[in-house]
Every structure is written in C-alpha cells, then in structure tokens.
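Have the chain open beside you as you read.

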Amino acid sequence: MSEEVKEAEQALKADNVMFYALSRKFVDEQYDVPEEAKQVLYYSLAIGHHLGVVDCLKTVLQCTRDEYKAWVEKLPKESEAYRKMAGFFIFGEITIYPDHLHMLAGAFSNIPVEEQDEKQQALTAGLIEVLTEIYHEPTMYLMVRSR
C-alpha cells in the first residue's frame, strides 16, 4: 500500500468493516407521489438523488480491518478493483453501485481459492452474492464503512 493509504488507515480507529446493502426503500408519506411518477423517483435514487425516499440498509458482511486489508491485498495492485476497495482506507467508506459490479466480481473471482483463507473465501462469496443481487435489482447499492 502507498504511504498515503497507510497514513489514512492509521487515522481511522474503528476495528470493524461493515458491508451494508440497501434492503428496502419507502417514500416519505409527507410527499404525495403519483404512481406513474414512482419509476422516475426510483431512477433518481439509482443516480443518487433522494427525493423524499428513505433508504433502509442492512448488514450483509462484516470483518475486522485486518481481515479486510488482507483480503483486498489479494487483488492486483494496479487494478481498478484494488483502487476501489482500498479507497476505504482513504475515505473511511466506499459505495458500490451497479457500474462497479462486473469489475469487482471479475477481480474477486480471479483470486485463486487456495490463496484465500476461510474468512477471505467467505467475504468473496458473500460479496459476489450481493453483487448478483444488485445486478438483478439495479436500484440497490452496497456501502462499506467502519464501525
């Protein structure tokens, strides 16, 4: 890891890394949204504009910071997947949207199983499962944060 990433990592004190997936959305009742406009509303959510809609997130994966770091280190250092996942150490969180699906699924799928310990295998399988869910429901997203 670069010195910048190492310094940012030291600045973050939380020991756990949590993966939160969008579990459901609901329209805030104080907004009267006609049925025909709801698709526009959900499209707006997918591109990041919250128009009277509340997102409900649930924990789908978790690990320690050390486990996360060791897992991400299995990715090729020059890859976009590594840059995306290592962003957690710089920003304290990352968000995975539908446009990241193929890149991340391909990168983690390419890590040989025999090079992963049991926890890394579980993280890889869990991540790919959530990415598949997002593929089937593109208004979903995944947030990775420390806690």
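Start with Asp117, which counts as partly exposed because its relative accessibility is 42% (buried means under 20% relative accessible area, exposed over 50%, and partly exposed in between, with a 1.4 Å probe and protein chains only). Asp117 sits in the loop between α5 and α6; helices (H or I, at least four residues) and strands (E, at least two) are DSSP runs, numbered from the N terminus. Its C-alpha atom lies 8.9 Å from that of Trp71, although 46 residues separate Asp117 and Trp71 along the chain.

A word on the ground rules. This is a predicted model, where local features need pLDDT of at least 70 and side-chain atom pairs count only at pLDDT 80 or more, while totals for chains, interfaces and linings use all residues. Residues are numbered from 1 along each chain as its sequence is written, and side-chain values use heavy atoms, leaving out hydrogens and water.

Stepping back, the protein chain has 6 helices and 4 strands, and from the N terminus on they run α-β-α-β-α-α-β-α-α-β. Of its 147 residues, 41% count as buried. Take the contacts (heavy atoms within 4.5 Å) between residues at least 6 apart in sequence: 74% of them join residues at least 24 apart.

Now for the two helices on either side of Asp117's loop. Helix α5 (residues 101-109) packs against helix α6 (residues 118-136) at an angle of about 155°, and their axes are 10 Å apart. Axes here are lines fitted to C-alpha atoms, for helices over the stretch in contact, and angles run from 0 to 180 degrees between N-to-C directions. The pair is therefore roughly antiparallel (over 145 degrees; under 35 is roughly parallel, 65 to 115 roughly perpendicular and the rest oblique). On the α5 side the contact uses Leu101, His102, Leu104, Ala105, Phe108 and Ser109, and α6 answers with Thr124, Leu127, Ile128, Leu131, Ile134 and Tyr135. By class, that's 9 nonpolar, 3 polar and no charged residues, where Ala, Val, Leu, Ile, Met, Phe, Trp, Tyr, Cys and Pro count as nonpolar, Asp, Glu, Lys and Arg as charged, and the others, Gly among them, as polar.

α3 and α4 pack at about 160°, with axes 10 Å apart, which makes α3 roughly antiparallel to α4. Arg65, Tyr68, Lys69, Trp71 and Val72 of α3 meet Tyr82, Met85, Ala86, Phe88 and Phe89 of α4. This contact has 8 nonpolar, no polar and 2 charged residues.

So what lies inside? The largest nonpolar core has 30 residues, and Phe19, Tyr68, Trp71, Leu75 and Met85 have the most contacts within it. Such a core is a set of buried Ala, Val, Leu, Ile, Met, Phe, Trp, Tyr and Cys residues joined through side-chain atoms within 4.5 Å. Among the elements giving two or more residues to this core are β1 (16-27), β2 (53-64), α5 and α6, but α4 gives the most, with 6. Beyond its neighbours within four places in sequence, Met85 touches Phe19, Tyr68, Trp71, Val72, Leu75, Ile94, Ile96, Leu104 and Phe108. A second, separate core of 5 residues includes Met18, Tyr20, Leu22 and Met143.

Finally, look at Thr95 in strand β3. With a relative accessible area of 15%, Thr95 is buried. Setting aside neighbours within four places in sequence, Thr95 is in contact with Lys84, His100, Tyr141, Leu142 and Met143.
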